[in-house]
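Visitor: I have a structure open and would like to walk through it with you. Could we start with the overall make-up and then look at a few places in detail?

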Amino acid sequence: MHSSSYSYRSSDSVFSNTTSTRTSLDSNENFLSVHCGPTLINSCISFGNESFDGHRLEMLQQIANRVQRGSVICEDKLLLARNALQSDSKRLESGLQFQNEAEIAGYILECENLLRQHVIDVQILIDGKYYQADQLVQRVAKLRDDIMALRNECSSVYSKGRVLTTEQTKLMISGISQSLNSGFAQTLHPSMNSGLTQGLTPSLTPSSVTSGLSSGLTSRLTPSATPAYTPGFPSGLVPNFGSGGETSSLQTLKLMQIRKPLLKSSLLDQNLTEEEINMKFVQDLLNWVDEMQVQLDRTEWGSDLPSVESHLENHKNVHRAIEEFESSLKEAKISEIQMTAPLKLTYAEKLHRLENQYAKLLNTSRNQERHLDTLHNFVTRATNELIWLNEKEEEEVAYDWSERNTNIARKRDYHAELMRELDQKEETIKSVQEMAEQLLLENHPARLTIEAYRAAMQTQWSWILQLCQCVEQHVKENGAYFEFFNDAKEAADYLRNLKDAIQRKYSCDRSSSIHKLEDLVQESMEEKEELLQYKSTVASLMGRAKTIVQLKPRNPDCPLKTSLPIKAICDYRQIEITIFKDDECVLANNSHRAKWKVISPTGNEAMVPSVCFTVPPPNKEAVDFANRIEQQYQNVLTLWHESHINMKSVVSWHYLINEIDRIRASNVASIKTMLPGEHQQVLSNLQSRFEDFLEDSQESQIFSGSDITQLEKEVNVCKQYYQELLKSAEREEQEESAYNLYISEVRNLRLRLESCEDRLIRQIRTPLERDDVHESVFRISEQEKLKKELERLKDDLAAITSKCEDFFSQAPASASTPALRSELSVVVQSMNHVYSMSSTYIEKLKTVNLVLKNTQAAEALVKLYETKLCEEEAVIADKNNIENLISTLKQWRSEVDEKREVFHELEDELQRAKTISDEMFKTYKERDLDFDWHKEKADQLVERWQNVHVQIDNRLRDLEGIGKSLKYYRDTYHLLDDWIQQVETTQRKIQENQPENSKTLATQLNQQKMLVSEIEMKQSKMDECQKYAEQYSTAVKDYELQTMTYRAMVDSQQKSPVKRRRMQSSADLVIQEFMDLRTRYTALVTLMTQYIKFAGDSLKRLEEEEVTINHGKSVIELNDSSNFSDLCLKKL
């Protein structure tokens, strides 16, 4: 059965939450329950075979068990859904947002899927006359009633106080509510209908359907602002809710059932002739085509995306089966040849009819697939747009516009982004609408579905635009609300902080700093200007407070104590209430944030989305807040005036006291520094400060009358004291001129000396260019010039010292003498230090110059021999060549030994340079930056020179070993080569002399055997030759590797690698030469062995033939010998 069946998709697969199918073709139970229709089941049951009856009963039992298991699962899920529904009911009564709606919808969806499968399974059990079919029918009917009751309860609970969630919108668009009310009646057996009528009818009346499933979704749709926006979607989206279907039967999608046409092999019967079988076969094909044509003509299109997808997927399977039917048609055409005259004409007529009907069926299937594709494309796009619009609607309606939600800026940005999205989405929706118009113009068969989706999109689009206008109004009003309270709070905080700052910052007494008070007085004047300017801000807040809307009524946590007037900002129409834009309504209850209980101007009362209203001003809280700010402003202004007077009086007092203290602190030295007119100015300033103090302290709370009298007495005493100081300022101006002259000359000389010292230190700390003799010579020249300049400074210093000594002897008690003596001593010490350091540095430069010259000479010598050792001279397998290489290396070794003196001189110069470097660091704390580099360079050259020694010695030793290995190999190789040539010559001569009889052949055979023995004895010599060849090869490769390694090291040191051509190693040539010799030896051994075997066989045959026929013997012997000789020549 499995091999002859098509793969069918279960009708409930489009509603399944999983992506896998419920059935498998390898399961007999699932095959009968899902993949077979009632007709095929009946045909299987009535087959009349006892073995099949047993198998049938077993399959029916499996189906019954599955119904039992599925019923238990469904009951468990319904219990979970009821518990979740009770939890949400309690939350809703407490004013909280429910949480389990999506979960409950999922449970109901899973139960509906199970119920669809149970209906199919129960139909199969009824058709199969299963003994417990009635009990299972009753159980399925009870499950159906429970699901419908739970749906009604969900509709009642979730329709209170909210709009559709995103999950509900998807359920609405996918047509979940019609899953229990369409399609099953046509697939049920009449007995199933009668068995379910009593159990299902009471709970599925038109009223219950309309109020339960339909209102459960449609009553929660957002009402719109136009008469067309009545609650609920067009009937095209939710068909057969109150009419158009049998209310006493379960319904589902009517998907096509496919029966595989019988194969010709299945019709074979001993009682039927071949022609009768062919007639029966072609009749079955005709019946199949007619059945498929009827099903295609009666097919449905679906009313939502899941059903359309299901029909499309089902039709693809149908179309695939129709296309595969062509193979059966071809088989029928082939069978036409087997028909004879009596039935051939009838068969041809049926075959012709079959071809015509099949062509019609194929064309109908293709057209239907095309219509389903276009419908699926349209419904998919429309569903996506509706879901998007409903998500935006839900978000806008559920938004919290109360005073708790202060993030208006983000909402404003989001609204702007939404408007941009709507501008973009308008083109998309317009294209979907145009697509619908085009399909309607083309008379698409699914006109009702297309018109329903088009109307739903237009309705939802108009409503979202109304919501956007409401949101824009709320954004504006809430922005003004929060901006006012933020500005008011900032103003109150500003005035409060300003008052605290004035009290804290401008409070003062006589101990306050005058500089601080001056700054504070200036700041206070600036703050007065700001305070006067701030009066406009306070006045603005007073005016704005009268325009602020009320937001607290939007908070469910602030219940209304009395009804509140509100104003509509958009049109809203519902069955129980109609409100127009700008209508003044009454807010009766605000316990739900998203929906308010509103009384319209006509007195109607209903729950209306709160986003449609605004609570107009005045806002008492805002007005009171503004009045408090105005009073606070006046208090701050009074406090500022009092603080400003006190600070000014204290500042004037400080100025007066400072003048008094300045006069009291004056002495003869300070008088001498003043000009004659400035003396009178001091007394005038004192009088002016006293008059300013008298004026500023009139309203001050800090100074009393007695304080002012005491200050007047102090001013008079200061005037008398200052007059006496003016008489004592003419004495101390003559002793400083000589001192100023000498100190100027000493300091000038010191500056010149410091300049020379800086240049010298800079030269010492600047390292020489590496390996640059010209730079060294130039540096020596520069330092000699600097030393001559120091000698001139030394002579100038001696002359200045003589002048200073004369001054010391003439004015020993002068106050300037110690300073001049100290300055002169410092310059003398610095001169001695710099001159000594310059001499040492010149000596160091000359030593480094010698080191550099010796280093360059040594490096040239090292490079010379490194280059010689890196020259490419491959080792040739020739004794004379190896001896020449050894002779050359010995000559280089003797030359290298003679050149050692160059490195001894370099070491001596480095030791001298080290001594000078140590002296500079020890005496002058100046590190020699050049010595370390030269020392490192010399050490590298010595190491490379030693590597030259080692390389020459190693090569000499290796070449001697290579020469010995080559000699041993050549001696052995020549002996073997001569012997093989001799054996090959002997073998050719033997084979050229063809044997005339068996005796001659026997003689040749004995000679060959002796020759083979000799060849085997040469195996040891061959192994010895191989050993010498391998020794030579290894030695040569080691020598070449050592040479290559040394060359790479030298190239990396000299940093100038030279491209060297690749030369073939003599080691490979010797190995190849030996391998050729061994190949010749092996070929000789093989040839001799084969020849001996063939000659022995020929000799044996000749001897046997000679016994029988003498004459034949001579002839055969002659022919065999000839053939044998030819074969041996070919092998050689």
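Guide: Gladly, and please keep in mind that this is a predicted model. The secondary structure of the chain comes to 28 helices and seven strands.

Visitor: What share of the residues counts as buried?

Guide: Of the 1132 residues in the chain, 44% count as buried. The chain exposes about 59,000 Å², and carbon and sulfur atoms supply 50% of that area.

Visitor: And what about contacts between residues 24 or more positions apart?

Guide: Among contacts in the chain with a separation of 6 or more, 82% are accounted for by residues 24 or more positions apart.

Visitor: Now to helices. How do H10 and H11 cross?

Guide: The axes of H10, residues 305-335, and H11, residues 341-397, come within 9 Å and cross at roughly 160°, which means that H10 is roughly antiparallel to H11. The crossing of the two helices is left-handed.

Visitor: Which classes of residue make up the contact of H10 with H11?

Guide: The contact of H10 with H11 has 16 nonpolar residues, together with nine polar and nine charged ones.

Visitor: Switching topic, is asparagine 646 buried or exposed?

Guide: Asparagine 646, which is found in helix H15 (residues 620-664), counts as buried because its relative accessible area is 14%, and the cut-off for buried is under 20%.

Visitor: What is asparagine 646 in contact with, leaving aside its neighbours within four places in sequence?

Guide: With those neighbours left aside, asparagine 646 is in contact with Cys508, Ser700, Gln701 and Ile702.

Visitor: Which residues have a positive phi although they are not glycine?

Guide: Among them are lysine 129, with a phi of about 55°, and asparagine 443, with a phi of about 60°. In general, most residues other than glycine have a negative phi.

Visitor: Where are lysine 129 and asparagine 443 placed?

Guide: Lysine 129 sits in the loop between helix H4 (101-127) and helix H5 (133-158), and it counts as exposed at 75% relative accessibility. Asparagine 443 sits in the loop between helix H12 (408-441) and helix H13 (447-505), and it is likewise exposed, with a relative accessible area of 57%.

Key:
Residues numbered from 1 in each chain as written. Predicted model: local features only at pLDDT ≥ 70, side-chain atom pairs only at ≥ 80, totals over all residues. Heavy atoms only, no water. Axes fitted to C-alpha atoms, helices over the stretch in contact; angles between N-to-C directions. Helix = DSSP H or I, 4+ residues; strand = E, 2+ residues; numbered from the N terminus. Parallel < 35°, antiparallel > 145°, perpendicular 65-115°, else oblique. Left-handed = near helix turned anticlockwise from the far one by under 90°. Nonpolar A, V, L, I, M, F, W, Y, C, P; charged D, E, K, R; others polar. Buried < 20%, exposed > 50% of the residue type's maximum accessible area, 1.4 Å probe, protein only. Contact = heavy atoms within 4.5 Å. Areas by Shrake-Rupley, 256 points an atom, 1.4 Å probe, with all protein chains shown as cover.
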